[in-house]
Structures are given as C-alpha cells and as structure tokens.
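Here is a short tour for anyone meeting this structure for the first time. Take a look at it, then read on.

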Amino acid sequence: MHHDERPRFHLTPPANWMNDPNGLSFRDGRLHVNYQYNPDAPHWDRMHWGHAVSDDLVTWRHLPIALSPEEGSPDAFGCWSGCIVDDDGIAVMLYTGVDLDGELRRQTICRATSVDGLSTWSKDPANPLIVEPPDGIDPDLFRDPFVWRDGDDWAMLIGAGTIYGVATVLLYRSPDLRAWSYVGPILSSDDVAPAAGADGPCWECPQLVRFGDADVLIVSVMDRAPGVRPSHVSAFVGHLSGDRFEVDHGQQLGMGPDFYAPATTVAPDGRRILIGWIPEDPPPPSSNRDWAGALTFPRVVSVDAAGHVDLRLAEEIASLRGTHSRTGPHVLRAGAAAWRWELPEQDFEVLLDVDPGAASEIVIELVDGDTSSPEVRIIFRPVEHWLSVERRGIVSVAGRSSQGAAILPDGDGVRALSLRAIVDGSVMELEANGRTTATVRLPTSQGTRQQITLAASGGRARLASLDAWRLERSRQTEPARYEGRDTTGVAPTAGSPTAGGSTSAEDAVT
C-alpha cells in the first residue's frame, strides 16, 4: 500500500490553496459550498470564491470559480469570506472586499447577486456597501459578514477586533440588503469568562444558529501569539435579545486541534449543517505538492438538554463504508503490552466500544506500523469523562497546538467510550459518544501500514468490539484544473444580473 496524503473523500481544491468555507446554501436539495481559493499557487494570497456542489454531502463536483477580485475595485486584493442568502428568488452574496492602502489592508463589505442558480454573479456597482468600520475597530479586523432575515428586515453580523485588542461581533441592520445601519457590538471577549476560551484579538467568521428555544453564536478565535493566526472555535449558547447576545453557556466547539472557520446552513430536512476548514501551512518550496487545504466532513449542530452544543458527523458519511471486518471482545490488562490491530488500507473507518472497567486511563494510538511511531494519541479518563487527542510527529500545521481536549457529556452516567475514527489520506475525523467531534491533520510521512493500539492503566478494561470498514468508493470527482485566474462564472462589476433561472428559498443561510 502506498500512502497518498491527499484526502479522497474530503473536499479539497482542484489545485493550489483552499481555506474558509463560504456561502453554504441548499438549492433543490443540493448543497453548494464556496470556499476561499487562490487558483495561482498552493499558498494564502489574493482570494477568490471557489465553488463545489454535492447531491449527498459526500460526493463533490467542482464548478467554475464563483467570484474573482478586480483591479481598481474594493476587492482588488481579494474576495474574502461571507455568506449567501435568498431575497425573493435572487441569491445575494455579502462578502469581504480587501484593498491595499500601502501596507494596510482595508476591509469593506461588498455585495453580488445571482439569478441563475448560483452559477454566475454580478457585483453591485455601489460596492462597497460598508466603506469602513465603526470607530475603535481595527480596519484590518473587520470582516466575514453573516446575514439572515429578521422579521421584515435583514440583520448582519461582522467579525471584528478593536484597536485595544478586544475581539467582538458587530451587528448591522438593513431593510433591503443594500443600505446598512450600524447598531453596535452584540458580544465581545470582555463579556465572557476566561473559561469560555474565547480571548483573542479578533473573532472571525461569526455564525448564528437559531433553534426554537436557544441561539448559538459561533466564532473563530484568532491567536494572540505573533505570527499565529487561527486558534480554535468557540460557541456561545444563549439568546440574541434585542441588540445584545445574552450568554448562558460558552464552550470550545469540537476538540480540535485542526478545525477553524466553520460555516453553517439549514438543510431541507431541518438539520443545521456545519463544515469547517482544516488548517495547514503551504507546502515547502522543495515539495512537488500542488494543493493545500481541505474541508471537514459535514457535521450536524444541535443543543442538548443541558444547554451545551453537540456536534456529530452527518449520517450520510456512513455511505462510504465498504468491506467490513470485526474483532472483540478483548481484555486490556493494566501493565500489559498494548493490544494491536492492523487496519485495512490507508482510508478507513473504525468504531471502538470500550468498557473502562476499573481502569483509570485508556490510551488509544494510531501507529505507523512500519516504524511503530504513534501518529495520533487519544487518552480517555473515565472518572472525569475527559478525552484528549494529540497528533504526533511532523505535520504541516506549524505554530498551532498539537492537542485538543474535551469533557464528554456523561450520557446519564454511562462511563463507556464509543469512539469513531475516519482516516482519509492525511486527515483523521473523530466522533466520541456520538456527540463530540475532532479533526486531526496526520503526519505527512506515513508508512505503508497502519495499526491501532489500546492499553489500560490503573486497572483492567475491556474492548467490547472493534468494527472497521475500508472506504472503498472514491466520492470526489476528478479535480478540475483551472489555468491562472479563471473568471468563468463572474460577471463584471457594472454588469446586470443574467436573465433566466431562479434560486429556491432553501438557498437562505440561517
């Protein structure tokens, strides 16, 4: 078996660089995903909006670039993150336009529209709609509009940071998606306890997920460390009451460590779908790899009875399962050598059910079978119901923490661990007890065999069962190759919307 680090089943760019997902929207039951895209090189630079579509949340087809920057315009240095909503059959994109003023990046809010099913877009000649941030906001920390219908009007959140180093989310209102009035900050890092883990100079990519009895505000937290940009994702459960967000509970969303900038939408069946970016560094100059970046599998967001946010993998992902194997039960004795199981091929799903018994700690490792080197270490402490995941070795995510951890919901006192792991090239996705997820970027120098090991300490435990499946169907179409700045699908700024076609109400991002 030869290891290929490019995922086959996660959405990756046709070539070159990908980061934040943008403008998630359903139309005729099909999920459209735009994303930050540099079509010229596998590194972060002047952004476009890439475009992909899925009929089933696991099969992806690349479409032409949706939006490109234009010289001499407010988006000359890129069309950055934003959202798409439906306005009586017209799809409206609100995005961050960036232009350079010397060394300063000026960020403004711009608009484009589509009437042909999200294929072609016409930029508003009045751009930018919001020319500058309010007083006290850093002009380079003012971005990522998220818009929803609020009664007869529209509301918009913008991620921001103040000139004093405080992260915040700003609220604007509009009667027509064109003229926007500033209301004020709905929440800032000064308003929440340090335990919420939301301190940073800027909150990016705000998302508001509304349930019947609770609202969830999701923000991506920038790191304060110099030169380190994305840190993690925080979620606040509470209520948007008037013009302020009242927090009942704050938590880190997902265990990480490699998860950032999620975007959300509502599926036709009512599920709240979330997809995030799996951060990484660009390939080194010596590499012949011509791509960088991937998006997570779709997740479903919900709020449990205790008022905490749950994330679980969308059920459609199980359709990737192929050949099945099973083992167990096996006794895990404290102090004994770790139990080992060789996994099928390099792309697989494994489901472990562990009864911790008297053990104080269970250690699960994904091991490079050629070198016996652990690639991922997972530690479960049943008394605290504490789970951590740590990537090991050299990975292309320099400057980021290698570890994430969470206290799992106790499941009405159940101490057992049901752990689901899916490995796709250099990406591992985890789901613990069906309610908490993590994304891990694996080392880039994997061998040709992979094994999973389990060991117990402090007492005897039991592996009740282990089920493994090969991921046998390559669900992503052959990546299209765009030459240079392909602007197919992008209408000029002064152009009018193309006649014909319509978008459905399901295109609205809520």
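## Ground rules

Two strands count as paired if DSSP finds at least two bridges between them. Strands themselves are DSSP runs (E, at least two residues), numbered from the N terminus.

The model is predicted, so to speak of a local feature takes a pLDDT of at least 70 and side-chain atom pairs count only at pLDDT 80 or more, while totals for chains, interfaces and linings use all residues. Residues are numbered from 1 along each chain as its sequence is written, and side-chain values use heavy atoms, with hydrogens and water left out.

Start with S1, which spans residues 16–27. Of its 12 residues, 11 are buried, where buried means under 20% relative accessible area with a 1.4 Å probe, protein chains only.

S1 runs antiparallel to S2 (residues 30–38), and seven bridges hold the pairing. Met-18, for one, has Tyr-37 in S2 as its bridge partner. Two residues sit between the strands of this hairpin, and Asp-28 takes a positive phi near 55 degrees there. S1 also has two bridges to S19 (residues 291–292), this time running parallel, with Asn-16 opposite Trp-291.

## A sheet of four

Next comes an open sheet with the strand order S9-S10-S11-S12, paired antiparallel. Its edges are S9 (137–150) and S12 (181–188), each pairing on one side only. From one strand to the next, the twist averages 25 degrees, using lines fitted to C-alpha atoms as axes and angles from 0 to 180 degrees between N-to-C directions.

Within that sheet, eight bridges join S10 (residues 153–162) to S11 (residues 167–174). Ala-160 has Thr-168 in S11 as its bridge partner.

## A sheet of six

Another open sheet has six strands, in the order S25-S34-S27-S28-S29-S30, again with antiparallel pairing. S25 (339–342) and S30 (403–407) are the edge strands; each has a single partner strand, so one side of each is left without a neighbour in the sheet. Neighbouring strands here are turned by 15 degrees against each other on average, direction ignored.

S27 and S34 (residues 450–457) run antiparallel and share eight bridges. One of the pairs is Asp-368 with Gln-450 in S34.

## Spaces inside

Rolling a probe the size of a water molecule over the atoms shows where empty space is left. A cavity here is a set of points, on a 1 Å grid over the protein atoms alone, where a 1.4 Å probe fits but cannot get out; its lining residues have an atom within 4 Å of a point. Points are joined across faces, edges and corners, and a volume is the space filled by probe spheres set on them. How many cavities of 30 Å³ or more does the structure hold? There are four.

Which strand gives the most to its lining? That is S27, with three residues. This lining has 11 nonpolar residues, no polar ones and one charged; among its members are Leu-343, Phe-348, Glu-365 and Ile-452.

Methods:
Buried means under 20% relative accessible area, exposed over 50%, partly exposed in between (1.4 Å probe, protein chains only). On a 1 Å grid over the protein atoms alone, a cavity is a set of points where a 1.4 Å probe fits but cannot get out, and a pocket is an open set with protein on both sides within 12 Å along at least five of seven lines; lining residues have an atom within 4 Å of a point. Ala, Val, Leu, Ile, Met, Phe, Trp, Tyr, Cys and Pro count as nonpolar, Asp, Glu, Lys and Arg as charged, and the others, Gly among them, as polar.
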